[in-house]
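User: Could you take a close look at the interface between the two chains and walk me through it?

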2 protein chains.
Amino acid sequence: MPQYKAPIRDMQFLLHEVFNVEGHYQALRGNDEVNRELIDAIIEEGARFSENELAPLCRSGDEEGCHFENGVVTTPKGFKEAYKKYVENGWGAMTAHREQGGQGLPASMGTVVSEMNGTANWSWAMYPGLSHGAIRTIEAHGTPEQKELFLTKLISGEWTGTMCLTEPHCGTDLGILRTKAEPNADGSYNITGTKIFISAGDHDMADNIVHIVLARLPDAPKGTKGISLFIVPKNHVNADGSIGDRNGVVCGSIEHKMGIKASATCVLNFEGARGFLIGPPNRGLNCMFTFMNTARVGTAVQGIAAAELSFQGALTYAKDRLAMRSLSGPKFPEKEADPIIVHPDVRRMLLTQKAFAEGGRALIYFLAQQIDLVEEGADETSRQAADDLMAFLTPIAKAFCTETGLESANHGVQVYGGHGFIREWGMEQIVRDTRIATLYEGTTGVQAIDLLGRKVMLTQGRLLKNFSKIVHKFCVENEADAALKEFIEPLAAMNKEWGDTTTQVGMRAVANQEEVGGAAVDYLMYSGYITLAYFWALQAKVAQQKLAEGSTEIGFYTAKVQTARFYFQRLLPRTRSHLAALQSGVANLLDMDVDNFAF
Amino acid sequence: MPQYKAPIRDMQFLLHEVFNVEGHYQALRGNDEVNRELIDAIIEEGARFSENELAPLCRSGDEEGCHFENGVVTTPKGFKEAYKKYVENGWGAMTAHREQGGQGLPASMGTVVSEMNGTANWSWAMYPGLSHGAIRTIEAHGTPEQKELFLTKLISGEWTGTMCLTEPHCGTDLGILRTKAEPNADGSYNITGTKIFISAGDHDMADNIVHIVLARLPDAPKGTKGISLFIVPKNHVNADGSIGDRNGVVCGSIEHKMGIKASATCVLNFEGARGFLIGPPNRGLNCMFTFMNTARVGTAVQGIAAAELSFQGALTYAKDRLAMRSLSGPKFPEKEADPIIVHPDVRRMLLTQKAFAEGGRALIYFLAQQIDLVEEGADETSRQAADDLMAFLTPIAKAFCTETGLESANHGVQVYGGHGFIREWGMEQIVRDTRIATLYEGTTGVQAIDLLGRKVMLTQGRLLKNFSKIVHKFCVENEADAALKEFIEPLAAMNKEWGDTTTQVGMRAVANQEEVGGAAVDYLMYSGYITLAYFWALQAKVAQQKLAEGSTEIGFYTAKVQTARFYFQRLLPRTRSHLAALQSGVANLLDMDVDNFAF
């Protein structure tokens with residue numbers, strides 16, 4: 001496994017120099033004490049914990065996997081101990097509300113820390129990651145009693161949480177889920193049904209697990225409008241908060257997966273388990289949607305984690321491995337051959353990884369600020385503006401960052417040649433681990449329909465305009481800057497084309513709804529490349545500025561500009577293929593008779 | 001694992017209707033008895049063997065993997081028995097020379113059978129696959145005694161073979177290999193060195209293994225011009241052909257890999273092992289190059305195998321799995337939801353797999369015919385023309401088919417949603433197994449340099465012109481056909497652009513050699529999409545013809561035309577991105593200082 005080293009300089013560049021995070025935090029409600037010193041201390045501590053405690057368990061966790069015996073799940077060696085330290089250091093409580101013992105730091109600090117944890121060891125990071133969903137759900141929809149009973153220990157990390165949505169016959173299509181909730185006389189419910197793909201559904205890291213379960217009440221309407229949310233603890237919780245007997249929820253098995261093998265993916269059988277309604281009846285999906293954006297940004301992080309880690313591994317190898325000579329003559333004649341980083345194609349792969357890691361990081365940090373603003377913006381206008389940006393950019397970030405993360409991980413293997421295929425080096429594990437990222441939390445296809453159908457079409461393009469206005473403003477502000485011309489000109493052109501393309505697709509969709517599905521994924525990827533072009537132009541601008549101001553960090557800032565240039569010249573043109581494909585119309589997809597696909 | 005079903009109808013369409021293989025065979029030297037009945041019988045028997053004997057061992061072979069204990073490699077359960085049947089049925093001897101007991105069938109029949117074997121179970125197919133390399137080497141360069149002693153049993157399949165090239169410090173760069181060969185008084189050599197990544201390097205399927213080893217003689221010049229080839233048997237062979245003591249070649253370990261886990265990848269330690277020079281001294285690489293094209297086409301097959309198998313699996317699931325409703329209203333209102341094949345994006349993925357599988361198969365079958373012609377063409381002109389086509393198209397086929405095979409395998413996982421990540425379904429195994437295909441037998445980057453540097457630049461574009469003339473002739477012949485206009489027009493335009501682009505790249509390379517490396521992979525992929533466009537137009541033409549003639553197989557031929565249309569409208573536009581990237585020049589790759597890649 002490549003030894004993970006948190007890219008602190010890049011993180012600080014984005015947080016402080018590009019996004020002025022200190023000013024951003026101080027404008028939030030109740031966060032005026034979060035200053036640069038605190039931010040940097042958290043990053044440094046988070047880096048240390050990730051590099052020293054989590055990274056060393058990444059390969060061993062993959063080799064060992066989780067164990068399942070007699071209904072009990074055991075995590076790989078060292079996982080439990082690392083989690084104990086995580087809890088002791090207060091990481092889990094960092095961004096939770098102060099009322100239940102949280103530290104009340106802005107959500108975006110959590111994103112930064114979870115990026116480091118997850119890049120060091122994604123499987124491990126799944127366990128605390130899932131707790132966050134449960135915490136946010138109870139924070140928003142729980143009664144004071146539920147908060148008292150469940151939230152405090154979730155926040156402290158003594159207990160962990162899960163989100164139980166998927167069933168064997170349905171994942172994307174939650175409208176057809178079957179788990180049922182029958183009311184008891186005491187106000188509780190008996191939950192019965194089978195849930196699958198439950199991450200952290202059972203394990204040995206905490207004393208109790210709080211499941212948030214989607215189920216149907218007896219009189220519930222069919223479809224998505226008849227789903228309610230329930231809190232179902234693994235072990236009963238007594239009124240004084242102590243743990244009682246086992247509840248009727250049993251882990252039936254764990255999945256054998258391609259990757260993230262150290263993350264327990266459980267089949268959970270609810271056999272009349274005692275649960276508690278949370279939020280209004282039949283409004284469970286709405287309650288969940290509140291946090292869907294946050295969860296999806298959390299998954300987008302997996303994409304940049306894969307790009308970053310595979311970049312680090314490939315870069316080390318490319319500097320070290322000797323093979324062939326540079327086409328323009330030996331660069332290291334004293335060596336048996338040149339290190340492969342002299343070869344342009346190896347650099348093409350490295351720069352692709354770097355461009356996706358750093359560009360995606362910029363997009364995600366920007367989105368994380370929007371999460372802060374949605375939750376703690378100073379006024380309704382800023383909260384609403386942030387919510388609109390989130391709504392539009394989240395499906396792009398989730399799908400685009402995970403797709404390009406997978407591509408980057410594959411480049412990492414490719415740079416190693418045949419050695420990339422050997423488990424020992426750890427590069428292939430990154431591909432396997434990150435392969436799930438384009439699937440869970442809504443596949444790329446689901447994100448694409450969400451973007452084009454719900455976010456763009458249903459708002460008549462309003463949400464797109466919100467973002468493209470920001471891009472437009474940036475272009476106008478910088479159009480006179482000769483040093484930025486190579487970025488601003490194409491960005492402005494693409495931004496305009498984006499709007500035109502959207503209008504065209506919209507017109508087609510009016511005539512035939514299916515056109516949305518036919519264009520969606522290419523439209524999303526097209527939008528993703530343009531979005532990242534903005535974030536690369538933004539970084540280039542800041543870097544140029546620093547260089548003009550006479551910064552001594554010439555190497556760092558020059559590399560930023562060069563990576564932006566690489567992005568604009570080598571990756572942004574991919575919009576051409578996606579544009580042609582999405583403009584080709586849906587007929588070439590729908591014309592074939594189902595029976596004629598194969599003979 | 002998807003249950004593999006050999007796509008016999010498609011294979012026959014290509015062999016008989018597109019490529020007139022019967023006529024082709026009868027024009028070869030000594031193959032006038034190969035007729036359609038024989039060809040079809042071989043395909044049907046090959047399909048039966050692959051589906052019934054090999055496919056059932058694919059998942060179990062992956063789960064079990066190979067075992068290594070006390071220097072001995074054991075293959076997974078059933079592998080040995082399947083190999084025994086393969087030998088008994090005479091499959092191994094099918095395309096070998098008659099002099100040593102082969103059946104003397106054309107090489108391209110071997111490609112067709114190996115495609116079926118390999119799609120059913122690539123790991124298993126590696127064992128007999130490696131023998132072919134050894135057989136061809138000894139057939140071409142062995143002395144009569146070497147043929148008598150080693151070739152007969154390799155052909156019968158009693159023994160298997162390997163190719164020992166790679167060493168720990170070198171794979172691509174064989175010029176720096178270190179294994180040494182010291183002459184003995186009796187004319188044999190003592191071979192000493194370590195070889196890695198030796199597929200089928202040790203196993204329990206045959207009584208002996210014949211290693212073909214690259215090594216240096218004591219007085220050998222440095223670099224690639226000082227490498228010789230040696231035959232080194234695992235067990236000594238007595239003069240009467242019986243097996244003697246163990247030779248000094250020991251399996252040190254087997255690799256733990258991402259995929260093809262049932263294929264033993266060995267570290268072989270040659271400890272003064274007795275070997276025999278084959279071919280002239282210091283000309284080993286030249287002797288190997290004779291078969292490099294064949295081996296690379298064999299690896300290209302892995303790409304279409306992955307595309308075909310993942311397509312079959314995804315198609316079954318897409319018809320079966322219910323989720324959501326079609327955007328234009330329920331298609332199966334009686335069901336809980338629509339099968340996901342109603343969704344355009346699922347079809348986009350399926351059609352991409354289908355287009356790469358069937359388009360790549362056409363390219364590979366065409367190339368396999370060129371192999372026949374190189375070996376057994378009726379006259380020198382046809383042999384040379386075929387050799388030129390091979391030289392140009394082989395790197396394209398190897399890299400393009402394996403890259404698109406990997407993409408297709410990933411689509412297969414994606415169609416399954418979260419279930420694609422679960423080992424049980426077998427879809428993720430296809431991704432893991434085929435991941436090696438872009439790495440071994442020369443990475444995509446190596447193929448790209450071979451194409452643009454050696455095949456295109458060094459011949460001043462002559463080899464490209466050979467092929468683009470064929471495309472041009474096809475376009476001219478069919479330009480009046482209104483039904484083909486949608487294919488011929490873009491194909492003709494792309495074919496012209498291909499030449500222009502090549503000229504441009506050539507001019508840049510004159511000024512700066514590095515431009516070749518900067519453009520190579522994008523140039524290869526660009527060329528691949530145009531090449532496949534030709535093979536899709538060709539298939540569309542034949543299908544249109546059959547429909548016009550009133551064939552009753554309307555569904556099959558209509559699907560061919562529709563898949564061609566999908567290819568032209570949705571995949572061929574990817575040339576736009578590759579073109580822009582390759583035209584952007586090498587500066588955006590080389591400008592960054594090595595020390596500035598990361599901070």
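Analyst: First, a term: pLDDT is the predictor's confidence in each residue, from 0 to 100. Chain A averages 97 on that scale, with 100% of its residues at 70 or above. The model is a predicted one, so local features need pLDDT of at least 70 and side-chain atom pairs count only at 80 or more, while totals for chains, interfaces and linings use all residues. Side-chain values rest on heavy atoms, without hydrogens or water, and residues are numbered from 1 along each chain as its sequence is written, with chains lettered from A in the order written. As a whole, the model gets ipTM 0.98 and pTM 0.98.

Now the interface. Chain A and chain B each put 96 residues into the contact (heavy atoms within 4.5 Å). Together they bury about 8500 Å², with 60% of that on carbon and sulfur atoms; buried area here is the accessible area (1.4 Å probe) lost on putting the two parts together, summed over both. Phe421(A), Arg570(A) and Phe597(A) supply 10% of what chain A buries against chain B, more than any other three residues.

On the charged side, there are four salt bridges between the chains (a Lys or Arg side-chain nitrogen within 4 Å of an Asp or Glu carboxyl oxygen). One of them pairs Arg178(B) with Glu336(A), whose closest N and O atoms are 3.1 Å apart.

Helix H17 of chain A, residues 554–571, gives the largest share of the side of chain A that touches chain B, with eight residues; helices here are DSSP runs (H or I) of at least four residues, numbered from the N terminus.

Conventions: Helices (H or I, at least four residues) and strands (E, at least two) are DSSP runs, numbered from the N terminus.
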